[in-house]
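This report goes through the secondary structure packing, the sheets and a few backbone exceptions of one protein model. The sequence and the structure come first.

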Amino acid sequence: MLNRVIQQFGLQIQEMNEVEDSHSSTVCRSKLSNGLNVFLKIPYTKLKFQRELEAYEILKGRVSIPEMLDYWHGDEECPGAFLLSELKGKPLKLDASPEVAFQVGVLQAEMHAIRPPAGKKLIGIQNEFANWSDFVEQQFYSFAEDVKVLLDSRLYTQAIERFEKMKHQLPSPDGPSFVHMDFRPANIIVNDHSVSGIIDFESVRFGSAEVDFTKLYRDFLRFDSTLYIAFREGYNSIRSLIELERVLPFYQFTDAFNSIGWCKRRGLEKNAVFLEENLERLKSFLQ
């Protein structure tokens, strides 16, 4: 399939390496014969291709993202493909400076400030904001079918009861905002002391901004209060940050639960480490 995409874009590739931290789509960093570095991306499904295509149209000129050099709608065998420019730098690391954390806050707030485009019909990106509680519940119970076979009945029942209790304690949704749904360090590119931008828009929605802090907190913000404070200041410089303490416990819990179900769907063996991490997180929330 990859060779077909290369032919479709008419590329002369000198060197190509697959990106490791891409859990769904196929992403390859390619050096062309003219020395230019580009990325080839084949989304996991046609729906994810359509979401990403619409996201690039919506975010262009408003949030720092790669340039979409070309795209192909695909065929019966291929869900579609993108040819993207390179954002200089590497994924966000834990040793980032407060300056970088501030810029991450700005980047996310700029994205969350984007509202559904008036008069434009979107095919791939759904607007879930009006029924946000239903959307969160549907996601949870969809994954519950997969989680149920992996947990003992007592723990599973505890998880369901905890979800039902916590969802009623959430504040009013914050939006409608453009939410990434996978806003984590691997998708935030940093070049020295400057944030280059954000990548990967296969899961985006219009919804409540509160959902988008979960993975960033899980993998970055919780380790250093200085970075957490800098991030908050950056975010607040663009739009008001909600009281994260009110929503993070719920979304951390549902993220662990849903991630267990995701591992079941995508393969237990190849996602064994991620599965174990989330099983431990879920158990800690239920203690």
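Q139 is found in helix 4, where helices (H or I, at least four residues) and strands (E, at least two) are DSSP runs, numbered from the N terminus. The model is predicted, so local features need pLDDT of at least 70 and side-chain atom pairs count only at pLDDT 80 or more, while totals for chains, interfaces and linings use all residues. Residues are numbered from 1 along each chain as its sequence is written, and side-chain values use heavy atoms, with hydrogens and water left out.

With a relative accessibility of 25%, Q139 counts as partly exposed; buried means under 20% relative accessible area, exposed over 50%, and partly exposed in between (1.4 Å probe, protein chains only). Not counting residues up to four places away in sequence, Q139 touches M181, R205 and N258, contact meaning heavy atoms within 4.5 Å. Q139 and A81 are 58 residues apart in sequence, and their C-alpha atoms are 27 Å apart in space.

## Helix pairs

Two packed helices are described by the angle between their axes and the distance between the axes. Axes are lines fitted to C-alpha atoms, for helices over the stretch in contact, and angles run from 0 to 180 degrees between N-to-C directions.

| Helix pair | Angle | Axis distance |
|---|---|---|
| Helix 3 (residues 98-112) and helix 7 (residues 225-236) | about 40 degrees | 7 Å |
| Helix 4 (residues 132-147) and helix 8 (residues 244-266) | about 45 degrees | 8 Å |
| Helix 8 (residues 244-266) and helix 9 (residues 272-286) | about 145 degrees | 9 Å |

Helix 4 and helix 8 pack at about 45 degrees, which makes helix 4 oblique to helix 8. Angles under 35 degrees count as roughly parallel, over 145 as roughly antiparallel, 65 to 115 as roughly perpendicular and the rest as oblique. The crossing of helix 4 and helix 8 is left-handed; a crossing is left-handed if the near helix is turned anticlockwise from the far one by less than a right angle, and right-handed if clockwise. Ala, Val, Leu, Ile, Met, Phe, Trp, Tyr, Cys and Pro count as nonpolar, Asp, Glu, Lys and Arg as charged, and the others, Gly among them, as polar.

Helix 8 also packs on helix 9, in a left-handed crossing. Among the residues in that contact are F253, F257 and W262 of helix 8 and F274, L282 and F285 of helix 9. The contact of helix 8 with helix 9 has twelve nonpolar, three polar and two charged residues.

Helix 3 and helix 7 pack at about 40 degrees, which makes helix 3 oblique to helix 7. Their crossing is right-handed. The contact of helix 3 with helix 7 comprises ten nonpolar, five polar and one charged residue.

An open sheet of five strands has the order 1-2-3-5-4, with antiparallel pairing; two strands pair if DSSP finds at least two bridges between them. Strand 1 (13-18) and strand 4 (68-72) are at the edges with a single partner strand each, so one side of each has no neighbour in the sheet. Neighbouring strands of this sheet are turned by 20 degrees against each other on average, direction ignored. Strand 2 (residues 26-32) pairs with strand 3 (residues 37-42) in the antiparallel sense over six bridges, and R29 stands opposite F39 in strand 3.

An open sheet of three strands, also with antiparallel pairing, has the order 6-8-9. Its edges are strand 6 (90-91) and strand 9 (194-198), each with a single partner strand. Helix 3 packs on this sheet and touches strand 8 and strand 9, its direction making about 30 degrees with that of strand 9.

## Backbone exceptions

Most residues other than glycine have a negative phi, and most peptide bonds are trans. M181, which is not a glycine, has a positive phi of about 75 degrees. M181 is in the loop between strand 7 and strand 8 and is buried, at 16% relative accessible area. D200 has a positive phi near 70 degrees. D200 lies in the loop between strand 9 and strand 10 (205-207) and counts as buried at 19% relative accessibility. The peptide bond from G175 to P176 is cis, with omega near 5 degrees, and P176 is in the loop between helix 5 (153-167) and strand 7 (177-179).
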